[in-house]
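Open the structure in your viewer and keep the selection tool to hand. We will go from stop to stop, and at each one you will hear what to select and what is there.

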Amino acid sequence: GHKDQVLEHHSNVVEDEEAETSRGEEDEKQDSIKAVQRQFLLGDWTSPVVLTTMVQFFNTLFKGKSANLTRFKSFIHGVVVLDELQSLPTDVLYMMNLALNFMKTAMNTTVVLSTATQPAYGSMSLKHRLDYGDKNQKNTALVAVAEEDKKSFERAKVALLGKIDEEQSLDDVAAFVLSKEEKSRLVILNTKAAVRGLYDRLAKAMDAEDLYYLTTNLTAADRLARIDEIKTRLVTDDPICVVSTQLIEAGVDADFAMVVRSLTGIDSIVQARGRCNREGKRNEAYTYVVNMDRREENIAPLKGMGERKLAGGLILRNEEGEIAIEDFISPYFEKLYANLKKDALSPVFDLLSKNPTKKDILLKSTPGAASLDGGILLEDGKVINFFQSFKEAYEAFELIDDAQDVAVVLCNETEEAINFLRDMELGSARFDPKALKEARQMIRGLSRYTVPLPKKATNVCESILDGMVQVLPKEFYDEDFGLNLDYEGGIMM
């Protein structure tokens, strides 16, 4: 109800990275009419409250667009609340710690890490640690929970389904779920393919109306509608089963009688347990951890997932049956960060701190120069020890692999707005504030009807607003499973 005070900013609908200049082009091109129009559609961060994604937050810290510099100044004397920061890819850990330390000390920013599983970013095993607390390293925690109060959060027990080093197939998991007597069951797997595979197996033995599928292949609107229906049926204790990716782990207030979680980081297992007996109405409830067959749940393409699953597996490898999951949180993060090798860090980190290639070129091309403690000693006695490559760094930085695009699904709810945008002439040099304002309102409304899709599949989309918005035709969206690039009208994958 306070749209003038609150800005919602994410990359859905308008892909703002399109305005990024490629190497060799002048940065001033970002200030062209087209780039300005695009940024107007996105809005800036001058609103009192900004709701954004971790991707946009890190782009603001590390990408080189002028718009990011404009947003960056908003952190001065500001408050930044980072939700579930422990799920961040470990390759950007050092960059994050150093950036947050700078914001705290140089910009007087208050940074709040909000999570039930606080990561060990101050661990002594890290070379660059997060500087918790105020400027005197005091007042590190905003919330203190007494030991006796912690018991109120222990609403479900955690048990291992078999030994953690023994892989289970989708057939095994389906048989286990079907064998349980609990009325409401939730299964969380690490990949969309595994979710679909398990759903298909369960569908052979369950009524279709009692089985639910949840992944980001569905639009946010369809996911929210499905989640609302699930919540309603949970209240009436209907016999239902939900198969989902980890999207259901945070921000979804649902109360299942039983949860099964595919092995991953301990923090995610704790999050999954939070969906089990959430209301505390049952005397006993279990969250089961299962190590899925890697051939049926291929996590290799998922950035950072392999390291987290490995660390979680190592911590639990000697355990069996029921476990006290809280006891493993700190050891898990210590194991995860202790195994952080230099070659596992983002190459951008080296570009920001030093560039050995540039140093070698300068050393070889400067007569009388000699190497000295990571720097170069010149003939006149001067020392050069700054070899950062800032432009190369900000062009190379990506928080997540940029292998996907975003498209608006053409449907009854979006057709009118898409037709409106189709008729707009934003490609000309004419700057029409009124038209842009209308477009921005339309685009904000479309964000709930978007799906991610591989960039190689964008050829099936209609491109409007000079390529700013991609529209997915109706035939490529399935009512039950969302994005469907393999439909009867033609195979697109």
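**The whole protein**

Before you select anything, note that this is a predicted model. Colour it by secondary structure: the protein has 16 helices and 22 strands. Of its 493 residues, 47% are buried. Contacts can be sorted by how far apart the partners sit in sequence. Among contacts with a separation of 6 or more, 73% join residues 24 or more positions apart.

**A helix pair: α9 and α11**

Select residues 266-273, which form helix α9, and residues 329-338, which form helix α11. Two packed helices are described by an angle and a distance, both taken between their axes. For α9 and α11 the angle is about 145° and the axes lie 9 Å apart. Now show side chains: which residues of α9 meet α11? On the α9 side they are I266, D267 and V270, and on the α11 side their partners are I329, Y332 and F333. By class, the contact of α9 with α11 has five nonpolar residues, one charged residue and no polar ones.

**A cavity to look into**

Rolling a probe the size of a water molecule over the atoms shows where empty space is left. Here the count is two cavities of 30 Å³ or more. Let us visit the second largest cavity, with a volume of about 30 Å³. To find it, select Q86, L88, P89, T90, L93, Y121, R308 and Y337, which line this cavity. Colour them by class and the lining divides into five nonpolar, two polar and one charged residues.

**From β3 to α4: E84**

Stay in this part of the sequence and select E84, in the loop between β3 (79-83) and α4 (93-106). Is E84 buried or exposed? E84 has a relative accessible area of 15%, so it counts as buried. Its backbone deserves a look as well. Most residues other than glycine have a negative phi. E84 has a positive phi, near 55°, and is not a glycine.

Follow the chain through α4 to N108, which is found in the loop between α4 and β4 (110-114). N108 is partly exposed, with a relative accessible area of 38%. Draw a C-alpha distance from N108 to V79: the two are 29 residues apart in sequence and 9.2 Å apart in space. Leaving out residues up to four places away in sequence, N108 touches H77, G78, M103 and K135.

Jump to D237, in the loop between α8 (220-235) and β8 (240-244). Although D237 is not a glycine, its phi is positive, at about 60°. With a relative accessible area of 36%, D237 is partly exposed.

**Two stops between β10 and α10**

Next, select the loop between β10 (286-290) and α10 (305-316), where D293 lies. D293 is buried because its relative accessible area is 9%, and buried means under 20%. What does D293 touch, beyond residues up to four places away in sequence? Its partners are E167, Q168 and S169.

I299 has its place in the loop between β10 and α10 too. I299 is buried, with a relative accessible area of 13%. Show its surroundings: not counting residues up to four places away in sequence, I299 touches N190, T191, M305, G306 and K309. From I299 to K309 the C-alpha distance is 9.2 Å, and the two are ten residues apart in sequence.

**Last stop: L345**

Finish with L345, in the loop between α11 and α12 (347-353). L345 counts as buried, at 14% relative accessibility. Which residues are in contact with L345, leaving aside its neighbours within four places in sequence? Select T90, D91, Y94 and L340 to see them. One of these, T90, is also in the lining of the second largest cavity.

Technical notes: Residues are numbered from 1 along each chain as its sequence is written. This is a predicted model: local features need pLDDT of at least 70, side-chain atom pairs count only at pLDDT 80 or more; totals for chains, interfaces and linings use all residues. Side-chain values use heavy atoms; hydrogens and water are left out. Axes are lines fitted to C-alpha atoms, for helices over the stretch in contact, and angles run from 0 to 180 degrees between N-to-C directions. Helices (H or I, at least four residues) and strands (E, at least two) are DSSP runs, numbered from the N terminus. Contact means heavy atoms within 4.5 Å. Ala, Val, Leu, Ile, Met, Phe, Trp, Tyr, Cys and Pro count as nonpolar, Asp, Glu, Lys and Arg as charged, and the others, Gly among them, as polar. On a 1 Å grid over the protein atoms alone, a cavity is a set of points where a 1.4 Å probe fits but cannot get out, and a pocket is an open set with protein on both sides within 12 Å along at least five of seven lines; lining residues have an atom within 4 Å of a point. Grid points are joined across faces, edges and corners, and a volume is the space filled by probe spheres set on the points. Buried means under 20% relative accessible area, exposed over 50%, partly exposed in between (1.4 Å probe, protein chains only).
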